Protein chains: 2
Amino acid sequence: MQKPKATIFNVAALAGVSIKTVSRVVNNEPNVSDKTRDKVLKAIGSLNYQPSAAARILSGKKSYGIGLVYENPHEFSYVGGVLNGALKACEDEGFTLLLRPLTLPDPNIAETVTQFVLQTRVDGLLLPAPLSDMKDVLDVLREQSVPFALMAPTTPVEDAINIICEEEEASFQLTLHLLELGHRRLGFIKGHPDHGDSEKRFSGYCRALEASGIALDQSFVRQGYFDFESGRRAAAELLQFEIRPTVIIASNDDMAAGALFEVREQGLSVPSDMSLVGFDDTPLASHLWPPMTTVRQPIVEMADAAVRALIRTISGEELTNRTTDFNCEVILRQSTAPPLDSGI
Amino acid sequence: MQKPKATIFNVAALAGVSIKTVSRVVNNEPNVSDKTRDKVLKAIGSLNYQPSAAARILSGKKSYGIGLVYENPHEFSYVGGVLNGALKACEDEGFTLLLRPLTLPDPNIAETVTQFVLQTRVDGLLLPAPLSDMKDVLDVLREQSVPFALMAPTTPVEDAINIICEEEEASFQLTLHLLELGHRRLGFIKGHPDHGDSEKRFSGYCRALEASGIALDQSFVRQGYFDFESGRRAAAELLQFEIRPTVIIASNDDMAAGALFEVREQGLSVPSDMSLVGFDDTPLASHLWPPMTTVRQPIVEMADAAVRALIRTISGEELTNRTTDFNCEVILRQSTAPPLDSGI
DNA sequence: TTGTAGGCGTTATCAT
DNA sequence: ATGATAACGCCTACAA
């Protein structure tokens with residue numbers, strides 16, 4: 001059915017050389033005279049030759065493939081960034097990105113990942129949170145000797161590439177800023193308990209309260225799961241109090257959007273009646289109205305860096321920094337303002 | 001570096017059969033006694049054997065790979081749906097999805113696609129708009145005899161799988177609804193001129209105006225490009241008129257979000273001062289406040305169907321319906337209401 | 001600088 | 001029902 005593709009033999013024949021020489025040219029190996037190289041290049045061009053990835057993988061040591069295992073998102077606010085970054089790095093380096101979406105929780109996750117690795121023979125794996133914290137998954141990869149890069153692990157892992165971000169500090173700064181604006185009752189919506197990020201964002205908030213001598217009010221802390229609906233629910237709970245918070249800090253933008261929705265639904269306005277804050281600076285944050293104050297995390301760059309580090313490891317380089325710490329940045333937009341004096 | 005993987009030979013040896021028999025079991029071929037099958041299965045399990053995708057591709061006729069070529073999005077509102085649908089279908093059918101993001105316009109697009117197809121040897125290709133309308137790309141695929149499925153081509157293509165949607169009609173119905181609400185000045189933001197969808201959505205709008213005896217006011221029609229910013233700009237233009245529209249129809253949700261942003265930025269409220277409408281029913285539409293009236297297009301299902309049809313074609317089945325037409329549905333939410341009587 | 005031989009792990013073909 | 005053997009297209013190792 002498929003049109004027969006030109007092979008290395010066809011090229012060799014047309015150029016009047018051996019296949020090994022063609023291989024040398026294709027892979028930019030040394031020891032080919034300019035004249036021969038030219039002939040081969042010409043033959044390649046006229047035959048429209050492209051080496052077969054499969055043959056390459058089967059024959060060689062590397063597979064030129066990086067696997068991305070991630071939790072199947074309803075929205076691509078965060079994963080979309082990871083995807084873009086990883087795709088870009090792969091393309092630049094001549095690698096292929098293989099996707100393996102997962103539905104969590106998955107009791108057989110270790111097995112699923114094993115199968116994925118065995119089938120595709122990927123050279124390395126990129127694991128965004130919360131997979132970066134799943135010990136059994138990491139163990140599988142160790143057993144298979146497949147190098148892996150972790151995005152936002154709770155704690156950097158010794159034998160892995162770790163890509164992290166100063167989130168605790170950013171959260172601290174953000175909270176301080178809100179306190180400076182005059183807020184004293186700060187609602188907080190925690191992220192998914194399985195994500196390392198959640199804890200850090202929360203602890204920065206706690207630290208800022210403590211540093212300012214303000215008691216942590218547990219009833220103002222609600223559990224969310226990083227999705228719109230959970231943010232909305234948590235906000236609804238926070239709005240029920242007689243004396244309610246004057247600001248809500250949501251642990252990511254999706255939940256902040258949910259909170260914004262609920263606040264508006266109840267006829268309140270942002271930021272005059274309620275200030276709102278998110279995390280990640282996904283496109284959503286700047287597209288909502290009012291645009292949301294958030295903590296920017298360079299997701300695309302982080303994924304890009306993760307994949308490049310992975311590829312360097314695969315290529316045998318010794319990395320000096322196995323863990324890279326990115327900067328976060330508090331982005332002030334119009335969803336935050338000083339609170340109205342009014343009590344309720 | 002990598003731990004050596006178990007091969008078909010190891011399994012055959014352990015089970016005491018030939019590799020061909022193992023192959024039969026793995027591929028669910030007939031002519032294997034239950035007893036033998038059991039032995040083989042047991043061996044596979046104990047060795048944790050997974051067939052190598054590369055060897056399979058190299059040896060067999062099929063590559064078990066579907067390519068998805070798409071325009072690199074800043075946001076994954078639409079592409080995210082396509083991705084999810086395609087991924088699901090691939091997983092169910094034991095195929096792999098290979099991504100090839102593109103930055104348009106790309107003068108070498110035909111060549112890029114050729115290389116992609118030649119390297120990966122994908123068995124089929126999924127092309128969302130606007131790639132579904134690029135004749136040179138289609139020609140490349142014909143030349144390589146690679147079957148392809150088109151999402152939202154302007155006109156169904158004879159030798160392709162076409163997945164389309166009743167958008168013209170939906171747009172017509174939507175516009176009628178707005179007219180019934182009492183709107184008489186209807187602003188329209190067109191989609192990217194390269195997308196087939198754009199024209200259909202616009203023509204449904206025109207038809208409804210015509211059917212209602214309302215003259216099309218060209219100054220109320222603005223060009224957009226399916227992204228947030230272009231929607232915002234177009235809305236800004238529409239808001240400048242002394243006598244401005246009472247509703248803005250944006251050709252997708254991202255642009256509607258941009259329009260909403262601009263309207264709010266100018267201190268107007270939705271829907272009391274201005275009604276707003278989008279297309280696609282991406283998660284964004286229901287997460288904005290107010291939630292947006294939109295035309296739902298079953299993106300995930302469409303992509304899923306496209307890939308399944310592709311796989312059936314690859315497997316040699318003769319499809320009866322090479323073009324599948326999905327239904328669209330007008331989803332009324334709170335961004336639309338009757339216009340205020342006031343003129344300006 | 002260039003070429004030859006062998007093997008990578010499957011599926012396909014043809015026997016038995 | 002089962003098996004032997006030849007591709008598949010490339011890379012690695014080792015010659016020349």
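## Basis of the description

Two residues are taken to be in contact if their C-beta atoms, placed from the backbone, lie within 7 Å. The model described here is predicted.

## Helices α8 and α9 of chain A

In chain A, helix α8 (residues 167-181) packs against helix α9 (residues 196-211) at an angle of about 40°, and their axes are 7 Å apart. That angle makes α8(A) oblique to α9(A), and the crossing of the two helices is right-handed.

On the α8(A) side, the residues that meet α9(A) are E167(A), E168(A), E169(A), A170(A), S171(A), F172(A), T175(A), L176(A) and L179(A); on the α9(A) side they are D197(A), K200(A), R201(A), S203(A), G204(A), Y205(A), R207(A), A208(A) and L209(A). Divided by class, this contact holds seven nonpolar, four polar and seven charged residues.

## The surface near DNA strand C

Around DNA strand C there are 28 residues, of which S18(A), I8(B), A55(B), S59(B) and G60(B) come nearest. Two or more residues of this surface are given by each of α2 (19-26) and α4 (53-59) of chain A and by each of α2 (19-26) and α4 (53-59) of chain B. The surface near DNA strand C comprises 11 nonpolar, 12 polar and five charged residues.

## The contact between chains A and B

Chain A brings 40 residues to the contact and chain B brings 42. On the side of chain B that touches chain A, at least two residues are supplied by each of α4, α5 (79-93), β2 (96-102), α6 (109-120), α11 (253-265) and α12 (283-287). By class, that side of chain B has 22 nonpolar, 14 polar and six charged residues.

Definitions and conventions: Residues are numbered from 1 along each chain as its sequence is written. Chains are lettered from A and ligands numbered from 1 in the order in which they are written. This is a predicted model: local features need pLDDT of at least 70, side-chain atom pairs count only at pLDDT 80 or more; totals for chains, interfaces and linings use all residues. Axes are lines fitted to C-alpha atoms, for helices over the stretch in contact, and angles run from 0 to 180 degrees between N-to-C directions. Helices (H or I, at least four residues) and strands (E, at least two) are DSSP runs, numbered from the N terminus. Angles under 35 degrees count as roughly parallel, over 145 as roughly antiparallel, 65 to 115 as roughly perpendicular and the rest as oblique. A crossing is left-handed if the near helix is turned anticlockwise from the far one by less than a right angle, and right-handed if clockwise. Ala, Val, Leu, Ile, Met, Phe, Trp, Tyr, Cys and Pro count as nonpolar, Asp, Glu, Lys and Arg as charged, and the others, Gly among them, as polar. A residue is near a molecule or strand if its C-beta atom, placed from the backbone, lies within 6 Å of it.
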